[in-house]
Amino acid sequence: MHAGQGSPDTCGTQQHAGGGAATGGAIGRFRERPISIAGAHPRGDGDCGWRAGGQSTPGGSRCRRRTYSRPVCGGIGRAGGAAAQGTRPPSCMGVRLWPYSGPAGGRRGASWRRAGVALYMRFKARRGLKLEAKPTDAPAVLIVGGGMAGLCAAVSALEAGAAVTVIEKSKRLGGSMRLSNGLVWTFKEASALRSEVRGNESLQDMVFESHLQDLGWLESQGVECGPVRPFQWYGQGRTVAPDQVISAMVRRVELLGGRIRTDVAMHRLRPVRNWGYEVDVYLSETDTSTLEADAVILATGGFQGNPELVARWITSETDNIYLRANPWSTGDGLTAAMELGAALTRGMGEFYGHAMAAPPARFGPRQFSDMTQRYGNYALALNLSGRRFVDESAGTGEEALNAEIARQEKATAIYIIDNDIAAMSREFVLAPPHVSVTRAEAAGASVLRKDSIEALADSLKAWGLPAQEVLNTIQAFNTALAAGTADQLVPPRRRNLHPIATAPFTAVKVRAGITFTCGGLATDVDMRVLRRTGTVSTLPMLLADTADVDYCAFPNLYAAGCDVGGLSNRGYMGGLACALVTGRKAGAQAAASARVR
Ligand SMILES: Cc1cc2nc3c(=O)[nH]c(=O)nc-3n(C[C@H](O)[C@H](O)[C@H](O)COP(=O)(O)OP(=O)(O)OC[C@H]3O[C@@H](n4cnc5c(N)ncnc54)[C@H](O)[C@@H]3O)c2cc1C
């Protein structure tokens with residue numbers, strides 16, 4: 001069970017009403033409050049360096065004192081705050097957007113300095129009005145995505161002294177992390193990681209080496225982490241409660257003076273010469289705006305929610321495959337960076353996920369884990385033609401099988417288990433198979449139980465499978481296992497050599513589910529997004545290896561979490577650990593490298 005039972009929504013728009021200095025809710029909720037503009041800033045020294053139209057306008061001479069309304073939320077002003085109030089300032093004037101410290105107003109003095117820093121993003125309103133807040137000397141880091149990686153990046157960048165704004169596409173924070181089981185794990189032995197998971201070894205090593213230390217950092221932010229515990233035979237990690245992670249990290253962002261905006265979706269990036277990026281965003285569903293930042297971190301959680309991209313790289317069965325994730329990760333980080341020429345990793349077709357009870361089962365996102373049929377790597381899996389199509393036991397769990405189901409007709413398979421497999425303990429499969437099957441049945445899934453293999457094969461006709469083919473497949477499987485020749489089956493069966501032998505026999509209809517994509521943006525170990533510059537091969541063109549490519553990094557553009565490609569390319573080394581480590585690293589690097597204009 002998740003600790004920290006605060007409603008997830010309290011991390012989004014509603015929380016703002018309670019008055020965190022920096023945490024905002026929906027953009028465009030303004031409160032009338034007179035403020036003074038250039039020439040009357042709080043330091044009273046007449047030179048805050050506010051700028052108008054991109055030019056520095058040292059206080060005094062060029063600016064007149066004037067009062068007008070200011071937005072409570074400060075930052076991203078739908079229709080530009082003052083303009084929306086009908087009191088448009090002269091175009092030469094820079095406007096400081098004051099922070100709102102909420103009704104409690106407690107930390108006001110200190111907080112406005114921090115939040116003043118955090119407002120170092122200029123917002124172009126629809127009518128061309130440019131609202132601008134000149135910060136102190138901190139670089140402005142914009143983090144796109146308020147999930148695991150984005151929240152870790154935000155706190156890390158704030159700790160490194162940056163002015164941070166997080167934009168989150170949905171109305172609530174947490175992304176897929178919010179739906180997760182909260183086990184922040186990765187491999188405990190480097191050798192097992194190397195043999196079980198292909199991918200970018202430098203990035204993998206970074207996650208492997210930093211994982212427990214970064215969990216300590218997470219704990220120091222107020223996140224309640226359980227003790228280190230083993231995960232299956234190969235992993236170790238600590239359990240967190242997703243809702244509590246979200247509330248603790250939001251509190252940290254607030255305390256450090258960062259800002260969070262929900263309902264703001266990035267859709268395009270434009271590099272600006274000599275500094276950072278202009279970032280086009282959708283505000284809610286209809287409005288748009290442009291933000292500017294010295295550095296941008298893309299943490300949008302992968303492209304599994306985008307059927308066009310899934311069809312391009314993963315499977316044509318996009319009408320059938322389950323999205324086992326948050327619905328907002330539609331590849332926005334990937335496509336925005338691709339428009340700039342970002343390099344992608346190999347294995348764009350790789351993804352992590354699990355098969356879940358197929359329709360007519362009905363369930364919601366919070367039941368994804370309960371509907372997951374994790375014992376597939378112990379089962380015999382048939383496609384709708386009644387044939388095996390993959391070594392069910394490949395990989396460290398059921399993920400490799402699930403990836404193949406995604407490419408079968410209707411992204412559907414039938415798991416066949418006998419009584420011995422159904423009764424396996426959770427030590428092997430996290431949840432005993434009979435429990436998973438019962439949960440699926442309760443949700444309306446298609447499940448059959450028979451006392452003989454012949455009867456089971458016959459009843460599978462009702463699901464459109466050819467009974468004789470099913471029978472032949474099960475018998476051939478059992479015969480090969482008994483003869484010790486399972487590795488000669490086509491496809492072979494190399495591990496988990498359990499025959500389908502003990503009644504009752506159960507068939508469960510499952511569909512592939514995609515949790516996150518593993519292909520994505522190519523980055524270096526500082527999490528900088530890369531582009532290709534040419535080949536470094538000395539071989540003639542026809543012999544050159546595609547790996548012989550030279551890369552360079554985009555200035556001040558970073559990726560974290562599932563937007564980073566190549567971490568788990570075949571196999572799976574944990575999603576939350578990768579998001580934690582890459583997010584923390586990206587935040588620190590972005591804060592350190594971004595130049596202040
Ligand atoms: C049911 C389930 C169980 C899981 N259990 C575990 C587990 O126990 N252990 C584990 O290691 N992993 C687990 N995972 C995987 C883990 O949740 C992910 O690997 C992790 O959340 C990835 O972090 P992320 O920050 O990259 O993406 P997310 O946490 O998904 O965050 C991405 C965020 O970006 C936002 N976004 C997208 N596009 C935009 C845009 N254009 N502008 C602004 N914001 C945008 C999204 O709305 C989302 O909030 C599980 C996942 C699921 C679904």
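A crossing of two helices is right-handed if the near helix is turned clockwise from the far one by less than a right angle, and left-handed if anticlockwise. The exercises below use this term on a predicted model.

**Exercise 1. Describe the packing of helix 3 against helix 16: distance, angle, hand and residues.**

Step 1. Two packed helices are described by the angle between their axes and the distance between the axes.

Step 2. For helix 3 (residues 148–159) and helix 16 (residues 576–593), the axes come within 7 Å and the crossing angle is roughly 35°.

Step 3. The hand of the crossing of helix 3 with helix 16 is right-handed.

Step 4. On the helix 3 side, the contact residues are Met148, Ala149, Gly150, Cys152, Ala153, Ala154, Val155, Ser156 and Ala157. Helix 16 contributes residues including Leu576, Ala579, Leu580, Thr582, Gly583, Arg584 and Ala586.

Step 5. Sorted by class, the residues of this contact between helix 3 and helix 16 are 14 nonpolar, five polar and one charged.

**Exercise 2. Are the residues of strand 12 on its two faces buried or exposed?**

Step 1. In a regular strand the side chains alternate between the two faces of the sheet.

Step 2. In strand 12, Arg259 and Arg261 are on one side, and Ile260 and Thr262 are on the other.

Step 3. Strand 12 is joined to strand 8 by four bridges, and the two run parallel. Thr165 has Arg259 as its bridge partner in strand 12.

**Exercise 3. Work out the three-stranded sheet and the helices that pack on it.**

Step 1. The order is 9-11-10, the sheet is open, and the pairing is antiparallel.

Step 2. Strand 9 and strand 10 (229–231) are at the edges with a single partner strand each, so one side of each has no neighbour in the sheet.

Step 3. The twist here averages 35° from one strand to the next.

Step 4. Five bridges pair strand 9 with strand 11 (residues 235–239). Val184 has Arg238 as its bridge partner in strand 11.

Step 5. Helix 5 (residues 201–220) lies across strand 9 and strand 11, at about 150° to strand 9. Helix 16 touches strand 9 and strand 11 as well, with its direction at about 90° to that of strand 9.

**Exercise 4. Which residues come nearest to the ligand, and which elements give two or more residues to the shell?**

Step 1. Of the 43 residues around the ligand, the nearest are Gly147, Gly175, Gly301, Gly561 and Gly575.

Step 2. Helix 3, strand 8, strand 9 (183–187), strand 13 (264–271), helix 9 (368–371) and helix 16 each give two or more residues to the shell.

Step 3. The shell around the ligand has 20 nonpolar, 19 polar and four charged residues.

Key. Residues numbered from 1 in each chain as written. Predicted model: local features only at pLDDT ≥ 70, side-chain atom pairs only at ≥ 80, totals over all residues. Axes fitted to C-alpha atoms, helices over the stretch in contact; angles between N-to-C directions. Contact = placed C-beta atoms within 7 Å. Nonpolar A, V, L, I, M, F, W, Y, C, P; charged D, E, K, R; others polar. Near = placed C-beta within 6 Å. Buried ≥ 20, exposed ≤ 12 C-beta atoms within 10 Å, placed from the backbone. Pairing = 2+ DSSP bridges.
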